Amino acid sequence: MAPPCFLSTVAVVLVLAVAATSTYGAFGCSASDRAALLAFKSALSEPYLGIFSSWTGDACCSRWYGVSCDPTTGRVADISLRGESEDPILAGSGRSGGLMSGRISPEVCRLDRLATLILADWKHISGPIPPCLTSLPFLRILDLVGNRLTGTIPADIGRLSRLAVLNVADNQISGHIPASLPALSSLMHLDLSNNQISGPIPHDFGNLRMLSRALLGRNRISGTIPASVGYMTRLADLDLAENRISGEIPATLGSMPVLSSLYLDSNRLTGQIPAALLRSRGLGILNLSRNGIEGEIPDVFGSRSYYTALDLSHNRLRGSVPKTLVTAAYVGHLDLSHNHLCGPIPAGSPFDHLEAASFTNNDCLCGGPLPVCK
């Protein structure tokens with residue numbers, strides 16, 4: 001189960017884009033910037049919407065669609081081309097989304113004052129991420145989601161000390177997570193999901209102290225979850241689902257102050273569920289399903305437990321259903337199916353609104369939505 005897209009992410013992107021750029025300027029960009037933009041355009045093809053039809057003349061700071069400049073320097077600071085949006089040029093075409101093919105030209109790296117590069121949701125842009133992007137010292141937003149990019153994430157991505165948003169989700173990127181990535185001291189949003197990334201998570205991943213969302217699900221990531229992740233004080237959403245991660249769940253994840261959603265489902269995790277994780281006051285979505293987790297479910301729920309979704313299904317859990325679940329402030333979706341649980345299901349909320357599917361395929365559970373205990 002992938003986490004929902006939160007409005008806070010959109011707000012971060014908008015605030016950073018506004019802070020770094022000006023949408024209009026009363027001047028044309030420099031000849032060198034204009035040449036770089038035209039070279040960038042020449043490597044792309046967009047036959048349906050005509051978004052590049054405005055890329056003529058010298059007024060590239062004020063009249064070229066998706067381009068804006070820093071008003072104090074006149075240099076290009078923002079390229080923002082998104083294939084699925086509510087922009088009038090898309091709405092007027094009668095298409096729900098655009099199709100653009102081609103590749104990202106390394107000529108874009110000549111725009112050495114670039115702060116924002118958004119080339120998102122065009123479906124057919126292929127080729128590698130130009131390694132030279134790591135030479136852009138002012139880059140703050142790199143959003144290349146929803147294309148067909150291949151190759152690897154540039155090894156020296158950690159050079160981008162101002163980068164706050166890195167989104168390359170929904171591509172065909174392979175290789176390892178660069179060892180330099182934890183050096184991105186300003187990074188707030190990281191989305192590498194739905195790619196073919198393999199290898200381990202860097203052991204010092206926890207150095208990303210500004211990070212609020214880390215979405216790495218649906219890849220081929222292996223190894224263990226670094227204990228350093230548990231010391232990320234601003235991380236609210238962590239998605240590592242559908243990978244090949246093994247080992248135990250670090251107990252430090254239970255002490256993260258603002259963690260609200262944790263997806264570890266469909267991996268190769270073993271060991272027991274840390275009691276601190278279920279006791280966490282802010283955690284509202286926890287999915288540990290389809291692993292090899294053993295032992296009993298810690299009976300540590302309380303009046304501050306508020307779970308919109310708690311999925312522990314398809315593991316090797318034993319013992320009884322925790323009685324303290326009836327003291328939880330709220331439990332919406334609960335799935336304990338396909339384990340080795342036994343004994344009576346506690347009476348009362350949340351068990352009085354759950355269906356039998358939440359408890360099926362256990363050893364000897366009874367009561368509640370299941371047949372009465374004998």
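Tutor: In this predicted model, aspartate 112 is partly exposed, its relative accessible area being 36%. The side chain of aspartate 112 meets that of arginine 75 in a salt bridge, with N and O 2.6 Å apart. Arginine 75 belongs to the loop between β2 and β3 and aspartate 112 to the loop between β4 (100-103) and β5, so this pair ties together parts 37 residues apart in sequence.

Arginine 75 also forms a salt bridge with aspartate 33, at 2.9 Å from N to O. Because aspartate 33 is in helix α2 and arginine 75 is in the β2-β3 loop, the pair links parts separated by 42 residues in sequence. Aspartate 33 is buried, with a relative accessible area of 0%.

A further salt bridge joins arginine 110 and glutamate 107, whose closest N and O atoms are 2.5 Å apart. Arginine 110 is partly exposed at 41% relative accessibility, and glutamate 107 is partly exposed at 30%. Through shared partners, salt bridges connect Asp33, Arg75 and Asp112 into one network. The count of salt bridges in the model is nine.

Aspartate 335 is buried but has no salt bridge, and the nearest side chain of opposite charge, arginine 290, is 7.4 Å away. The side chain of aspartate 335 does make a polar contact of 2.7 Å with the side chain of serine 337. Apart from neighbours within four places in sequence, the contacts of aspartate 335 are Leu310, Asp311, Leu312, Ser313, Ala357 and Ser358.

The largest nonpolar core has 95 residues, and Leu37, Leu119 and Phe205 have the most contacts inside it. Among the elements that each supply at least two residues of this core are α2 (31-42), β2 (67-69), β3 (76-82), β5 (116-120) and β21 (330-335). Phenylalanine 205 touches residues that include Leu181, Leu190, Leu211, Ser228, Val229 and Met232, with those up to four places away in sequence not counted. A second, separate core of six residues includes Ala120, Ile141, Val145 and Val165.

Glycine 206 is in the loop between β11 (198-199) and β12 (213-215). Glycine 206 is buried, at 1% relative accessible area. Leaving out neighbours within four places in sequence, glycine 206 contacts Ser228, Val229 and Met232. The C-alpha atoms of glycine 206 and leucine 235 are 9.7 Å apart, and the two residues are 29 apart in sequence.

Last, a sheet. Three strands in the order β20-β22-β23 form an open sheet with parallel pairing. Strands β20 (318-319) and β23 (364-366) are at the edges with a single partner strand each, so one side of each has no neighbour in the sheet. Strand β22 (residues 340-344) pairs with β23 over three bridges, in the parallel sense. Proline 344 is opposite cysteine 366 of β23.

Key: Residues are numbered from 1 along each chain as its sequence is written. This is a predicted model: local features need pLDDT of at least 70, side-chain atom pairs count only at pLDDT 80 or more; totals for chains, interfaces and linings use all residues. Side-chain values use heavy atoms; hydrogens and water are left out. Two strands pair if DSSP finds at least two bridges between them. Helices (H or I, at least four residues) and strands (E, at least two) are DSSP runs, numbered from the N terminus. A nonpolar core is a set of buried Ala, Val, Leu, Ile, Met, Phe, Trp, Tyr and Cys residues joined through side-chain atoms within 4.5 Å. Buried means under 20% relative accessible area, exposed over 50%, partly exposed in between (1.4 Å probe, protein chains only). Contact means heavy atoms within 4.5 Å. Lys and Arg count as positive and Asp and Glu as negative; His and the chain ends are not counted. A salt bridge is a side-chain nitrogen of Lys or Arg within 4 Å of a carboxyl oxygen of Asp or Glu. A polar contact is a pair of N or O atoms within 3.5 Å; within protein, one must be able to donate a hydrogen and the other to accept it, and residues adjacent in sequence count only if both atoms are side-chain atoms.
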